[in-house]
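Visitor: I have a structure here that I have not seen before. Can you take me through it?
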Amino acid sequence: MAPKTIVITGASDGVGAAAARRLAKDGHHVVIVGRSLEKTAAVAADTGGEYFTADFADLGQVRSLASDLLQRYPRIDVLANNAGAIFGKERQVTVDGHEMTFQVNYLAPFLLTRLLTDRLLESKGTVINTSSLGNRLFGHVDLDDLEQERGYRPHKAYGDSKLEQILFTEEFDRRYRAAGATSTSFHPGTIASSFSNAPGTAMHAAYASPLKRFLGTPEKGARTLVYLAEGTPGEDYPTGKYFVRCKVARPNKQAGDALLALGLWNKSVAMLEG
């Protein structure tokens, strides 16, 4: 297996950190991106790679991250958009004016990918988006209410953002597959990590209670990410698809709606350029 340059966001903990350690052990050059300087540096020390910090609640930091990555790496084989979170009962707005869940889980990774697209095309690279079963349980994308201004609920905002990642995966793959850049998305499973620390959410009870001991390990959750990162897109697995346990799975019924995916893409571009 030829070594790859693999950028993983949200890699300071949980599935991202476990995937980074596995991929580095397999001989790949892994670039760690996280929000916490201390945690991110610790994972980078384990993997022997470089690291960068960025808070996806600030799009200025995402733009700076993209600039740093472009200056540092003439080749990017894999961009793993793994950063994400679920937030509390009250709707929060970022410094950029967007609903927090929408920006951190979807719009910031969308921006980072767009800024790195030319490099990914040059590298014949692939984008891997960490989605969630929440896309099926809670997601329903309304292009007229992407910011959750009507009846915000934390699990609904989370599910929508994870479905938006799948729609983004599909549209990116449609646009760039013929030119050599591909994309996939996956659900890592219900994993015991510090993922949800927001009281009052539908997931907090499981993640913060004794039930946590019955959840999967980060290493188990990282298996599909490692599989997609190490494989050859289009040969070892089909692209533009949603995966669970290293196999193509059925996402939300809105996934596969090409007009919805295109509409989401165009609205996202307008938000970022406006």
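Visitor: Where is Lys124 found?

Guide: Lys124 sits in the loop between α4 and β5, the latter covering 126–130. Keep in mind that this is a predicted model.

Visitor: What about phi of Lys124?

Guide: Phi is positive there, about 55°, although Lys124 is not a glycine.

Visitor: Is Lys124 buried or exposed?

Guide: Lys124 has a relative accessible area of 56%. The cut-off for exposed is over 50%, so Lys124 counts as exposed.

Visitor: And Gln148, what is its phi?

Guide: Gln148 has a positive phi near 55°, and it is a residue other than glycine.

Visitor: Where is Gln148, and is it buried or exposed?

Guide: Gln148 lies in the loop between α5 (134–137) and α6. With a relative accessible area of 4%, Gln148 is buried.

Visitor: Changing topic. How many aromatic pairs are there?

Guide: Searching the whole structure gives 11 aromatic pairs. One of them is Tyr106 with Phe110, a tilted pair with 5.7 Å from centre to centre and 35° between the planes.

Visitor: Why is the pair tilted?

Guide: Planes under 30 degrees apart count as stacked and over 60 as edge-to-face, with the rest called tilted. The angle for Tyr106 and Phe110 is 35°, so tilted is the word for that pair.

Visitor: How are Tyr106 and Phe110 placed in helix α4?

Guide: They are four residues apart in helix α4, which runs over residues 100–123, so about one helical turn separates them. Both Tyr106 and Phe110 are buried.

Visitor: What kind of pair do Phe110 and Phe168 form?

Guide: Phe110 and Phe168 form an edge-to-face pair, because their planes are at 65°; the ring centres are 5.1 Å apart.

Visitor: Which parts does that pair tie together?

Guide: Phe110 belongs to helix α4 and Phe168 to helix α6 (residues 154–176), so the pair links parts that are 58 residues apart in sequence.

Visitor: How accessible are Phe110 and Phe168?

Guide: Phe110 has a relative accessible area of 0% and is buried. Phe168 is at 3% and counts as buried.

Visitor: Which residues form the aromatic cluster?

Guide: The cluster is made of Phe102, Tyr106, Phe110, Phe168, Phe172, Tyr176 and Trp265.

Visitor: Let me ask about Thr224. Where is it found?

Guide: Thr224 is part of helix α9, residues 223–230. Its relative accessibility is 4%, so Thr224 counts as buried.

Visitor: What does Thr224 touch?

Guide: Leaving aside residues up to four places away in sequence, Thr224 touches Phe186, Phe243, Val244, Arg245 and Cys246.

Visitor: Now the whole protein. How many helices and strands?

Guide: There are 10 helices and eight strands.

Visitor: How does its radius of gyration fit a compact globule?

Guide: A compact globule of 274 residues would have a radius of gyration near 19 Å, and the protein has 17 Å, so the value agrees. Its C-alpha atoms fill a box of roughly 50 × 45 × 35 Å along the principal axes.

Visitor: How many of the residues count as buried?

Guide: Of the 274 residues, 56% do. The accessible surface comes to about 11900 Å², and carbon and sulfur atoms hold 50% of that.

Visitor: What about contacts between residues at least 6 apart in sequence?

Guide: Among those contacts, 71% join residues at least 24 apart.

Visitor: And the charges, how many positive and negative?

Guide: The protein has 32 positive and 30 negative charges, with their mean positions 7 Å apart.

Notes. Residues are numbered from 1 along each chain as its sequence is written. This is a predicted model: local features need pLDDT of at least 70, side-chain atom pairs count only at pLDDT 80 or more; totals for chains, interfaces and linings use all residues. Side-chain values use heavy atoms; hydrogens and water are left out. Rings of Phe, Tyr and Trp (its six-membered ring) pair if their centres lie within 6.5 Å; planes under 30 degrees apart count as stacked, over 60 as edge-to-face and the rest as tilted. Helices (H or I, at least four residues) and strands (E, at least two) are DSSP runs, numbered from the N terminus. Buried means under 20% relative accessible area, exposed over 50%, partly exposed in between (1.4 Å probe, protein chains only). The radius of gyration is taken over C-alpha atoms; the globule rule is 2.2 Å times the number of residues to the power 0.38. Contact means heavy atoms within 4.5 Å. Accessible areas come from the Shrake-Rupley method with a 1.4 Å probe; for residues, only the protein chains shown count as cover. Lys and Arg count as positive and Asp and Glu as negative; His and the chain ends are not counted. The place of a charge is taken as NZ of Lys, CZ of Arg, CG of Asp or CD of Glu.
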